[in-house]
Structure formats: structure tokens, C-alpha cells
Amino acid sequence: MFRLRSTRWLWCLAATLLPLAAAHAAGDGWRYDTVHSQVVFSISHNGYSRPFGRLHIARGWLRFDPGNWSTAATELDIDLASLDMGDADWNKAVCKPALLDCARDRYAHFRSTGVERKDDRHGVLHGQLTLRGVTRPLDLSFTFNRAAKTIYETHKVAGFSATASLDRNDFGITANPNSIGASVSVWLELEATSDEHAVPVPKEQP
């Protein structure tokens, strides 16, 4: 009799907690605001200067609980065709097949593989970047700026600033080695809007 009551008690507890867990998980979903999110990069030009270029995020989702970073994850696509170097002819030159090859592989894709929390606001997001069909590891050092409702309280927003460094040769971008540097510095300014439907539901394994 005691075992039967214990079993019933456990089922009742599970029935109570499962909806709360589902609601908690749903509140962790965010969709990137592509208007207020940008990617900026800089690379050496013949050693004279380090010009800047800008790219837009086409789409992406984020799972993030400000109180518990252990389940944080993200995926996003960067639109290479949105390249802005400040000059139309320069944009065309960088988008040619020898460099970014924007027409053949328009989107660069980043997928996180884990997060390392440093303190309440800082961490390292480990992941993989696919660019021109080549996938390489990439770590993003990031700052969690804040998560709050907008000033009009219409929706909730989470904001992050991140930096990374990569070698263009790792992605097969080897043209013009005497005039274009190898090391690329990257900055990301990201805003995401709370959206419980943003995070894809994992597919069941057969």
C-alpha cells in the first residue's frame, strides 16, 4: 500500500512539474532581430590600413536563459551578398569567386557546440563556422549586455556583443596574399526578440 501511494505521489509530482518545465523551456527561445543585428569585420590592406566591411544576419535563433547558461545554443546565417565595404566596385571585387564567392555560397552558417561561462556577463561560445562550403571551429568571446522589455513594453529583447578572429586561408580564401592579410577580426552586435517558437524542435531519431 505504501509503495502504491508513493508511485501515485511521484506521478502527481511529475504531472505538476512537467508543464512548468515546458513553459520554462519555451521562455528560453529567441529569434534574431535582423534589423538591429550586424556583423563587422576588418582585414589588412597591404599593411597600410585595416578597412572595415559590414554584413547582415539573414536569420537565426537563440536558446538562452539569463539565469542558466548551461543550455545556451544558437544557429544563424550571415548573408554574404549584403556585403558593404563602402564602395560598390569594392563590394563586387570582394564578392567574386576568388574571395567570398557570394553567388555560389551566399550564406555563411554558424552553429554553436557549447558555451563556457566566465562570470555573470561574459563567456565564450564554441561553435563551427561554414564559409564557402568549408567548416572550421570558431570561438566567440561574448558579453551578455541585458535582457528586458523594450521601452514601450511591446516585447522582450536580449542583447549581446561578441568578437572573434579567423584565418581566411582556413576557408580556402587564398587569393591576393601579397595585398590582403590573412587574419580577419570580427565583431558582432546582436539583438534577439523573445519567441517561444524560434528554437527548432529536435527531430526524433529513427
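**Secondary structure.** I counted two helices and nine strands in the chain. Both kinds of element are DSSP runs numbered from the N terminus, helices being H or I with at least four residues and strands E with at least two. Reading from the N terminus, I noted the order α-β-β-β-β-α-β-β-β-β-β.

**Basis.** I am working on a predicted model, in which local features need pLDDT of at least 70 and side-chain atom pairs count only at pLDDT 80 or more, while totals for chains, interfaces and linings use all residues. Residues are numbered from 1 along each chain as its sequence is written, and side-chain values use heavy atoms, with hydrogens and water left out.

**Burial and surface.** I looked up the buried share: 36% of the 206 residues. Buried means under 20% relative accessible area, exposed over 50%, and partly exposed in between, with a 1.4 Å probe and protein chains only.

**Contacts.** I took the contacts (heavy atoms within 4.5 Å) with a separation of 6 or more, and residues 24 or more positions apart account for 54% of them.

**Aromatic pairs.** My search of the whole structure gave eight aromatic pairs. Rings of Phe, Tyr and Trp (its six-membered ring) pair if their centres lie within 6.5 Å; planes under 30 degrees apart are stacked, over 60 edge-to-face, and the rest tilted. I opened Phe142 and Phe160, an edge-to-face pair with 6.3 Å centre to centre and 65° between the planes. Phe142 lies in strand S7 (residues 134-149) and Phe160 in strand S8 (residues 156-167), so this pair ties together parts 18 residues apart in sequence. Phe142 is buried at a relative accessible area of 10%, and Phe160 is buried at 8%.

I then checked Phe144 against Phe160: the pair is tilted, at 5.5 Å centre to centre and 35° between the planes. Phe144 is in strand S7 and Phe160 in strand S8, so the parts tied together here are 16 residues apart in sequence. Both Phe144 and Phe160 are buried. I recorded one aromatic cluster formed by Phe64, Trp69, Phe142, Phe144 and Phe160.

**Charges over rings.** The criterion is NZ of Lys or CZ of Arg within 6 Å of the ring centre and within 35 degrees of the ring normal. I found the charged end of Arg117 over the ring of Trp69, 4.2 Å from its centre. I also found Arg59 over the face of Tyr107, 4.4 Å from the ring centre.
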